[in-house]
Structure formats: structure tokens, C-alpha cells
Amino acid sequence: MSRTISIDPVTRIEGHARISLQLADSGEVEDAKFHLTQFRGFEKFCEGRPYREMPALTARTCGICPVSHLLASNKACDDLLAVTIPPTAEKLRRIMNLAQLLQSHALSFFHLSSPDLLLGWDSDPVKRNIFGVMAKDPELAKQGIKLRQIGQTIIEILGGKKIHPTWVVPGGVSEPLDSDKREAMLKMLPEALTIAKDTYGLFKTMVPKFKDEAEHFGTMPTLFLSLVSNKGQLEHYDGLIRIKDAQGRIVEDRVPPSDYPRIIGEAVEDFSYMKFPYYKPMGYPNGIYRVGPLARLNNAESCGTPFADVALAEFHMLQEDSSPVRSSFHYHYARLVEIIFAIEMMQRLLKDPSILDTRVRAHARGNRDEGIGVSEAPRGILMHHYKIDEAGLINWVDLIIATGHNNLAMNQSIKQVADAYVDGNKLSEGMLNRVEAVIRCYDPCLSCASHAFGQMPLSIELKDASGAVIDRLVRDA
Amino acid sequence: MPIIATQPSVRVVTLRIDGQDLSAREDETIIEVCRENKIPIPSLCWMEGLSVVGACRLCMVEVAGQNRLLAACATRVTEGMEITTNSEKLQRYRRTLVELLFAERNHVCSVCVSNGHCELQWLANSCGVDHVRMPYRNHGYAVDSTHEMFRLDHNRCVLCTRCVRVCDEIEGAHTWDVMGRGSDCQVITDLAKPWGDSDTCTSCGKCVQVCPTGALVKQGTSVGEMVKDQHFLPILARRRSAR
């Protein structure tokens, strides 16, 4: 007789979600599903609004990564204007995107995932949070908070505020950078780089301890999709789409982002409000792919900055053969490599004398009726696609959010972890925490509900077919 | 050539506002005397240089001997008047009025082009509106973006009719008018034609500049970029009255 375990809500992620595990009579996991339990409706209520409002409107999708939406949306608006933005504006946008990457990755690694890694999967859930990390390793917790603060402060210096800045506008940015602000940012980055390198070094020594998790946390063969630069290097703002398969063969390369509808389809399942994007030529659900730090590093031939390139080479060594790194557990590793890259690249961009150029905005009105903006958010490739009428009002919107791309992979990953760790006859908190932890590897950003770390109530019930509760675990808020 | 205005023969009255003894010309309204003496009093529909409609009711004041509140913009001062501009009751009424404006249409500041430069936003701030206690109507109004230079968003409109009056009284075009009743009330151009098709609009932009919110804005502005310049109005109004 089948039974269902429900993990509701999933904790230490951004947003609200539920996991359900369907058990067979024997107690083995038969099926696993990741449910997004919120409905937001952005694609619908943006209709009828002027396209110039879209960057601010869509940035409200999230409080953790609003900069990503701001950039993808403005790129879509640039496309509507049919302008090439001034080179300095592009560099400034890149800096803000990298600062966003820095703060978001720091949040994911230190605040949300380090409690599992440092304190253990089976440790007391009351202490398994950032405060537990502070108690065990105050210096590490302090460094994590500092690193995130630096990312947020750079966003504030550039955009006027840490969350939901409006400095990026269609056609470029609204204000040029002055030398005082540049110096203020440059002053913070050496400390950030030291913290990033130290954390990377520490995590490298920890990886062998998690051999078992690395073997079971989402190792299924999938495609990897990301942007790469013209030279095939790591890219977060612009570039071309590359898709590699699990053996490392390039399936698609140099695909212009505007051509994404040819290769990406979106399926819908009735158990989740999140769509299921897939690689069209392989159909649904075979066209499963992963995005985000793991995919970006698997696809990039190099980073283009000194220390990040060394770290990238070490990352590739995680896989014994020359194929892409398969385990979703190594999203954490990839995130730390990207943090180093972000800091090094920000230093390079800020030291460029042209960064103080005052020509930072191209002015135009809507010259096209369709615009596509694609950039790399911390969690993966982000696509904004708008259509406007003659008066410049939005009449169609499609947003393919980074976390959505990973939806199929997250569902398969929790099945794999549940198969490996969950015994349906006797639940333990630690085994279910591993099911949650594999979701945290992807750092899903399900909404702007950033309050959801470790403080939300968790109730798991194991029921037989008649509905009688045969086991129960409760974690209070 | 300087304009020479003849001095009107008006009397001076004495009155007391918030305990302060003041003198004023008898043809002045309470709100004008308050503005001259830097006594803060909120308003949305009133604007120096335009005729008075008394529509927003935000400038209501208490006058000794009157058993009802009076609109400061529509009440002339009289000899011996005793006025209270800021009592607990008035604060409560004003806050409620502002909340009703927010509940009636979509005034989400964070995504508005007038964010940071909006009179309604300043009012809400000064009246202590940290949340709205009544349910939002959530009624969507179509945006008119047909004009080459300007845009009309009914969702942001508070029906102050400044646009109607400035267009009629200062520009002389009378492009704007008001149509409908109650919550269906809307400002319109010509006989409810799209703004871009208006035969009378001179594209002078005065309506945009006097609009207190993000209802009338320039095309091409992004969030927070629409800054209004209203300095032209008193100058033009004085020249007009001197003709």
C-alpha cells in the first residue's frame, strides 16, 4: 500500500516549496516530487504596462536577486529600443551583476548550506542554522556575513540602494560612476578576495568527507546549459548559449540568446506552479538540463582571471574522467569558484580607466515590437521576453527563471537522494534533511521570501493507506 | 516690458490660526494665508494659479463657531476667525482620505516613474500612512500611451483635475475634461479620444507638470525619473490676471 511523506515547507531556501515522497509497500521510495506552492502571476499582470516599467516591476519577483531581473529586463528593453548601449554602461552593469553574484552565492553557501556542511546532516535541527555556525566557527560565520555585505554594499554604491535599485535603465545606466565611488569599491575587494580564497581552501579540504553525498546528490546524466563568451570563457552578462551533454560533447554552441525559443520549450505539470523547461530537440522530459554555477563551469573553457582559472582547473578534477562534473553536490564548489571570479573581474573592470566615462546611456523610443534579454543570474540563465504594441505597452511576457530551468533536475535529484537515504519504515530527521539539502545545492530562489532560513515549522507525517499516522516528525518555528 | 498691476482696494482682516495672530487681505482664502505664513496644510487639488474646486478635501480645517469642517482652499478669511489646522480629528480624517485614494487605484510607488517626486507619496508620508486599512479595489484601468511625448496612466490618477484646469485656464486649449461618475470617473482628452488623436492638444506639457502623481508623465522616463517642474504656473497666472 503506498504512502506519502510530505516535507512542507522546505527550509533554508529562498521561497516556499514542498517535497512529497511516495513510498511503496516495502517502504522504498517510489516517486519524489518538488512542488512550488506559490502562484505569482507576473507574466499576466505586467500586460498593459509601459515597457519602461518592466525592469522595476519584474525585479519585484525577488528580494535576493533583483539585480538579475533588473539586468535581463533592461536587456530586453534595450532590444525593444534597438540600441547598443555605451561600452561603459555595459561594464557598469557587469560590475553590478558580479556584485549580485557575490552576495547571492555568499548567502547560499554561508547562511543556507554551511550549517549542513559544518554541523552535519544529522545534527540538532535547532542549532543547524547560521547561528549554530556562529557558535561553532564564529570567524567563518563572520567572514560569510562580511562577504555578502561587500556584495550588497557595491550594489548600493552603484545603484543607490542594496535591494531593488533603479539605476540600470533601458539604454544603459542613469548615472555615471565617479572616482570616489570607484575607490570605495576597490578598497573593499582585497578583503573579499582573501575571504573567498580562504573559504575555497577550507572547502577543498572538506570535499573528501562528502564523498557519499557527492555520489548520491543528483548525479544523473543531464545536459548543461549556460552562456559563454565569444571565446568560450565564463560569462555572466552577455554572450552566447552553449549546451554540453553529460559526456562533455557540445550539443549546441554559439546560439544567440534571441534564438532561445528554438531550443527551449516549457512543459507544465499539475503538481507545481513552476514550469518545466526542457531542451526541445530531445523532447520532454528527456531534454533535462541543468543551469547555474555547475553548468557555467562545465561549459567554460576558462574564467579569464588568474586565481579563478586555477580553481576552475581544480574543479574539473572533481570528475575522474574528462567529462563534465556531474554531481549537484558540487554546485557548492562551483559557487566558491565563481565568487573568486566575481571579485577578480570586478577589480579588473573598476581599474579600467574608461569606467569613469560619462557617456552611459543611449536614448531611443520603442523601435521593435519584440525584445529578448538574457543574462546569467546566480542560479542560472535568466530569460525575459516581451512584446509591445505600437504605443509601447506590454501585450505579452514570458519569463524563464533560472530556478525553473533546474526544475526537472531538482525532481530527479530528490528521487535519487530519497532512494539512497530514506527508509520509509522509520523516519529520521537527518535523512529528510538530506532530501532538503540536495535542493539547497541548486540554491533555488522560489520567491523573494528571504525569511525562510531555518526558522520555519517543519511537519513530516508518515501515513498508511487508510490515512493513519504511523510516524511523525515535527520541528517548531 | 514690466507689467504694472493696479492695487485693488481690499480690507485687511485679523484672524488667529493655530493660536497665532495674523492679518490677511479679506479676498484671501485660508490656505493662501497658511502658505504665506508657512503653516503646513496638506492639499492635492489646490494649486496656486488655478481656480479652486475643493475636490480632495485634504485641506479641511476646524473654524470656531462652525459645526462642520471647512475646506481651507474654498473658504475666505473673515474678521476674528479662529482656525485650527492640525487637530487629532483632522489628522485622522486626512489619513483616511489618503488611504482611500491608495485603495481606489493602483498607487504602488516602487514601480512608478514618479517615485520620490510624487505629491501623493509625500502626503502619505506626512499623514503617517504606513499601511492601508481598507481593501484595495484592484481595478485595472487602461494606460493611454498614444501621445508621442506624454503618457496617461489612469491607475495613478487622483482626479484632482489640475490637468483640466491648467489646460483650460492657462493654455486655453481645454483638451482635458472629466467623464463618468463615482469610481468610474476618469479624465479624458477631447471627447474621450485617445490622447494621441486629440485635435486640440498643443503638446505644451503643462498638464504633465502640474499633475501631482505619476498619472501624467513624459514618455521615455523610467522608474523615479519623472521630476515635475511647476514654477511656470504662478508666473503665467499672474500675467494672465494682469491682462
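In chain B, three strands line up as E6-E7-E10 to form an open sheet with antiparallel pairing. Strand E6 (143–144) and strand E10 (216–218) of chain B are the edge strands and have a single partner strand each, so one side of each is left without a neighbour in the sheet. E6(B) pairs with strand E7 (residues 150–153) of chain B over 2 bridges, in the antiparallel sense. Within that pairing, Val143(B) has Asp153(B) of E7(B) as its bridge partner. In general, strands of a sheet pair through backbone hydrogen bonds, either parallel or antiparallel.

The model described here is predicted.

The table sets out overall values for each chain.

| Chain | Secondary structure | C-alpha span along principal axes | Buried residues |
|---|---|---|---|
| Chain A | 15 helices and 16 strands | about 65 × 50 × 45 Å | 52% of 477 residues |
| Chain B | 6 helices and 10 strands | about 55 × 50 × 30 Å | 36% of 243 residues |

Contacts within each chain can be described by how far apart the partners are in sequence. In chain A, 71% of the contacts with a separation of 6 or more are between residues 24 or more positions apart. In chain B, residues 24 or more positions apart account for 64% of the contacts with a separation of 6 or more.

Where the chains meet, 17 residues of chain A and 15 residues of chain B take part in the contact. The side of chain A that touches chain B consists of 7 nonpolar, 5 polar and 5 charged residues.

## Domains

The domain assignment of chain A gives domain 1 (3–38 + 421–475) and domain 2 (84–213 + 327–362). The contact between them takes 15 residues from domain 1 of chain A and 15 residues from domain 2 of chain A. On the domain 1 side, the largest share is 8 residues from helix H15 (residues 429–441) of chain A. That side of domain 1 of chain A divides into 6 nonpolar, 3 polar and 6 charged residues.

Chain B is likewise divided, into domain 1 (12–86) and domain 2 (111–117 + 139–237). The C-alpha centres of these two domains of chain B are 28 Å apart. Their contact involves 10 residues of domain 1 of chain B and 14 residues of domain 2 of chain B. The residues on the domain 1 side of this contact in chain B are 7 nonpolar, 2 polar and 1 charged.

## A hairpin in chain A

Strand E12 (residues 370–377) of chain A has 7 of its 8 residues buried, so E12(A) is largely enclosed by the rest of the structure. A residue is counted as buried if 20 or more other C-beta atoms lie within 10 Å of its own. E12(A) is joined to E13(A) by a hairpin through 2 residues. E12(A) and strand E13 (residues 380–388) of chain A pair over 8 bridges in the antiparallel sense. In this pairing, Ile372(A) stands opposite His385(A) in E13(A).

## Backbone exceptions

Most residues other than glycine have a negative phi, and most peptide bonds are trans. The following residues depart from this pattern.

In chain A, the peptide bond from Tyr284(A) to Pro285(A) is cis, with omega near 5°. Pro285(A) is placed in the loop between strand E10 (276–279) and strand E11 (289–290) of chain A.

In chain B, Ala192(B) is not a glycine, yet has a positive phi of about 65°. The loop that holds Ala192(B) runs between strand E9 (186–189) and helix H5 (206–210) of chain B. Ala192(B) is exposed, with 10 other C-beta atoms within 10 Å.

Ser203(B), also not a glycine, has a positive phi of about 60°. Ser203(B) is located in the loop between E9 and H5 of chain B. Ser203(B) counts as partly exposed, with 13 C-beta neighbours inside 10 Å.

Notes: Residues numbered from 1 in each chain as written. Chains lettered and ligands numbered in written order. Predicted model: local features only at pLDDT ≥ 70, side-chain atom pairs only at ≥ 80, totals over all residues. Helix = DSSP H or I, 4+ residues; strand = E, 2+ residues; numbered from the N terminus. Buried ≥ 20, exposed ≤ 12 C-beta atoms within 10 Å, placed from the backbone. Contact = placed C-beta atoms within 7 Å. Domains from an automatic or database assignment. Nonpolar A, V, L, I, M, F, W, Y, C, P; charged D, E, K, R; others polar. Pairing = 2+ DSSP bridges.
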